[in-house]
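Student: I'm new to this structure and would like a close look at one part of it. Please take it slowly.

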Amino acid sequence: MPALTSAAPRLMARGLGLDVRHRDPGLFTRPRRAAIVSNIDLEVAPGEILGLVGESGSGKTTIGRMLAGEIAPDRGRVLLDGAALTLPLPPARRRAVQLVFQDTLGAFDPRMTLGRQLDEPLAVAGLPPADRRRRISAALDAMGLDPALLDRWPHQVSGGQRQRAVLARALSLDPSVLVLDEPVSALDVSVQAQVVNHLAALARDRGLAMVFISHDLGVVGHLAHRVAVLYLGRVVETGPVEAVFGAPAHPYTRALLDAVPVAHPGLRRPRLRLEGEPPAILNPPTGCAFHPRCPLAEDICRRQRPEPSARATARHLAACHFPPPAEA
Ligand SMILES: Nc1ncnc2c1ncn2[C@@H]1O[C@H](COP(=O)(O)OP(=O)(O)O)[C@@H](O)[C@H]1O
Ligand SMILES: [Mg+2]
């Protein structure tokens, strides 16, 4: 999708980091604090969809939970419409940023109809019944769902319908930001496309800001306006999707794209293969954390972490000591 002209960011992260207490294997080791994500700067404007991609274990879910105010960062902050999110969030701000996960069976109580479960958060918010019915019906409509679904139990509907019902429940709260963590990864490709089209329409027509977390670069290429590529808890490349997927500057991005059969319209196939498993996030390699897997690595990559630097446009940044020459 073409990049939007920039509006003031709705959701912004500056310098986000999170540590965990971790004990290395061995008899006499002591627990230590280890970072799982560091230095995360992100922003997403109204109507914009930011894709967050990276291999499993790269920190996507952790970042999503911090963006949604579900866990507090140890470093940095998240700003919603310019004001810092501080936990615990007051109810109105909790509704403003909705987090939706992939596990839709876990999202619903198996002992209650979908109708009751869609109604519950609105009742908790103190809305009168007529208002609740109106909001639920509008949200079902936005996700292309039949109201007859409300009388069903979670296990009686398909995975695609359940995923859309989770999204409808989040939408009924009238959020200004959706953080979607692998929302279509468990669905069949045809069902994925339907859900993705509904999400694109929501951003476009209602000005919702979305963070779309996925390991599927094909889906992100179709849906997102901008993308941030994570490696071991750090953003290694970010920018408009056409720039990052069309002229990837970081060898990790090139390798991820090389592994994808689905091509983005502007995609030039790079020729880099990703060898081996990513190292443990709690013991990242020195310098550029990607260097042990990088075919371009030289001595400086082992010693010094590269800073993000601008590519052909200032909005396209990559953190690599040896990026390819930027095209004008
Ligand atoms: N509380 C924790 N203690 C130790 N490690 C954790 C904790 N939470 C997450 N991790 C580790 O941090 C890494 C990033 O996790 P996650 O954010 O779930 O990544 P992703 O969503 O990209 O798969 C994983 O390797 C995970 O095992
Ligand atoms: Mg995850």
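Student: Where is the place of His250?

Tutor: A quick word first: this is a predicted model, in which local features need pLDDT of at least 70, side-chain atom pairs count only at pLDDT 80 or more, and totals for chains, interfaces and linings use all residues. Residues are numbered from 1 along each chain as its sequence is written, chains are lettered from A and ligands numbered from 1 in the order written, and side-chain values use heavy atoms, with hydrogens and water left out.

Now to your residue. His250 sits in the loop between helix H9 (241-246) and helix H10 (251-258); helices here are DSSP runs of H or I with at least four residues, numbered from the N terminus. His250 has a relative accessible area of 1%, so it counts as buried (under 20% is buried, over 50% exposed, and partly exposed is in between, with a 1.4 Å probe and protein chains only). What does His250 touch, leaving aside residues up to four places away in sequence? Its contacts (heavy atoms within 4.5 Å) are Val236, Glu237, Cys288, Phe290, Ala318, Ala319 and Cys320.

Let's move on to ligand 1. The residues around ligand 1 include Glu55, Lys60, Thr61 and Ile281, where being near takes a heavy atom within 4 Å. Helix H1 (residues 60-67) gives the largest share of this shell, with three residues. Polar contacts are pairs of N or O atoms within 3.5 Å. A polar side-chain atom of Thr62 is 2.5 Å from an oxygen atom of ligand 1, and a polar backbone atom of Gly59 lies 3.1 Å from an oxygen atom of the ligand. On its own, ligand 1 exposes 570 Å², and the protein buries 58% of that (areas by the Shrake-Rupley method, 1.4 Å probe).

Last come the salt bridges, each a side-chain nitrogen of Lys or Arg within 4 Å of a carboxyl oxygen of Asp or Glu. The count is 15. In one of them, Arg132 and Asp119 meet at 2.9 Å, N to O. Arg132 belongs to helix H5 (residues 129-142) and Asp119 to helix H4 (residues 114-124), so the pair ties together parts 13 residues apart in sequence. Arg132 is buried at 16% relative accessibility, while Asp119 is partly exposed at 21%. Arg204 pairs with Asp205, with their closest N and O atoms 3.3 Å apart, and both of these residues are exposed. Asp19, Arg33, Asp74 and Arg75 are joined in a salt-bridge network.

Technical notes. Helix = DSSP H or I, 4+ residues; strand = E, 2+ residues; numbered from the N terminus. Polar contact = N/O pair within 3.5 Å; in protein donor to acceptor, adjacent residues only side chain to side chain.
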